[in-house]
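Dear colleague,

Please find the structure below, together with its sequence. My notes on it follow directly after.

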There are 2 protein chains.
Amino acid sequence: LSKSQEAYFAVIFSSQRTPHEESQYEETASRMAELAKEQTGFLGMDSARDSEGFGITISYWKDEEIIKNWKSNGEHIFAQKRSRSEWYSSFKIRICKVEREYGSEASK
Amino acid sequence: LSKSQEAYFAVIFSSQRTPHEESQYEETASRMAELAKEQTGFLGMDSARDSEGFGITISYWKDEEIIKNWKSNGEHIFAQKRSRSEWYSSFKIRICKVEREYGSEASK
């Protein structure tokens, strides 16, 4: 980060999708991305999932308080429950502080 | 992180591949993953690239010094140069401190 830039946070969500199709997965994932974007302090999101169903989604946030608020959002909690029981066979979440960065923005 | 666990670092590498096939890209990417694993203080790696060529690779490291050493590794520098000129149309690297984590390990 340049000196003029404030530190920010990244939430790394790594997940393995279950092999079966789940009708509401795509809709819910899109809705959660949309809802995240509406949160104050949301800075951006990158996502990639490979052909074997392994995916990484990283969302960027202004501070940790906002990340906690987002985790406890009612609609998001409902999605988290279905994530655990239906959509992912395993997942891990890491909350990180971005210390420095370089390169141009890589986005689709 | 649990209290017994030491903090560690994540290097988030987001990239957009160029559309054309590059014969040595896959070999070099595999070789770099192999070489990273040989570095003292390397903790793990997750990677996903979607069908549009957008990918995220995250490597985990014990401390920032080790990340700097890896960046200046001779063979890695050679790969970095080709990355910039041939393999990626854009990329961004973020060096992060992992503050906390939960969930089971999601890996292929």
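In strand E3 of chain B, Ile58(B) is the bridge partner of Ile12(B), while Gln16(B) is partnered there by Phe54(B). These pairs involve strand E1 (residues 8–17) and strand E3 (residues 54–61) of chain B, which run antiparallel and are joined by eight bridges. Helices (H or I, at least four residues) and strands (E, at least two) are DSSP runs, numbered from the N terminus; two strands count as paired if DSSP finds at least two bridges between them.

The model is a predicted one, in which local features need pLDDT of at least 70 and side-chain atom pairs count only at pLDDT 80 or more, whereas totals for chains, interfaces and linings use all residues; side-chain values use heavy atoms, with hydrogens and water left out. Residues are numbered from 1 along each chain as its sequence is written, and chains are lettered from A and ligands numbered from 1 in the order in which they are written.

E3(B) also pairs with E2(B), in the antiparallel sense and over seven bridges. Within E3(B), Thr57(B) is the bridge partner of Ser47(B). E2(B) and E3(B) form a hairpin that has four residues between the strands, and Gly53(B) in the turn has a positive phi of about 90 degrees. Eight of the eight residues of E3(B) are buried, where buried means under 20% relative accessible area, exposed over 50%, and partly exposed in between (1.4 Å probe, protein chains only). The burial extends to both faces: Phe54(B), Ile56(B), Ile58(B) and Tyr60(B) lie on one side, and Gly55(B), Thr57(B), Ser59(B) and Trp61(B) on the other.

How is chain B related to chain A? A rotation of 180 degrees with 0.0 Å of shift along its axis superposes chain B on chain A, with an RMSD of 0.0 Å; the superposition is by least squares on the C-alpha atoms of residues with pLDDT of at least 70 in both copies. The two copies are therefore related as by a two-fold rotation axis. The same surface serves both of them, since 100% of the contact residues of chain B recur in chain A; contact means heavy atoms within 4.5 Å.

The strands of the two chains form one open sheet. Its eight strands follow the order E2(A)-E3(A)-E1(A)-E4(A)-E4(B)-E1(B)-E3(B)-E2(B), with antiparallel pairing. The edge strands are E2 of chain A and E2 (42–49) of chain B, each of which pairs on one side only. Neighbouring strands of this sheet are turned by 25 degrees against each other on average, direction ignored.

In chain A, eight bridges join E1(A) to E3(A), and these strands run antiparallel. Phe54(A) in E3(A) is the bridge partner of Gln16(A). E2(A) and E3(A) pair in the antiparallel sense over seven bridges; Ile56(A) is the partner of Ala48(A), and Arg49(A) stands opposite Gly55(A). Their hairpin has four residues between the strands, and Gly53(A) in the turn has a positive phi of about 90 degrees. Eight of the eight residues of E3(A) are buried, so this strand is largely enclosed by the rest of the structure.

Helices lie across the sheet strands. H2(A) lies across E1, E3 and E4 of chain A together with E4 (88–103) of chain B, running at about 75 degrees to E4(B). H1 (residues 25–38) of chain B lies across E1, E2, E3 and E4 of chain B, at about 155 degrees to E2(B). For these angles, axes are lines fitted to C-alpha atoms, for helices over the stretch in contact, and angles run from 0 to 180 degrees between N-to-C directions.

Which residues of H1(A) are buried? They are Tyr25(A), Thr28(A), Met32(A), Ala33(A), Leu35(A) and Ala36(A). They cover an arc of only 165 degrees around the axis, which puts them on the same side of H1(A); the arc is that of the directions from the helix axis to the C-beta atoms. The face turned away from the buried side carries the exposed residues Glu26(A), Lys37(A) and Glu38(A).

With kind regards
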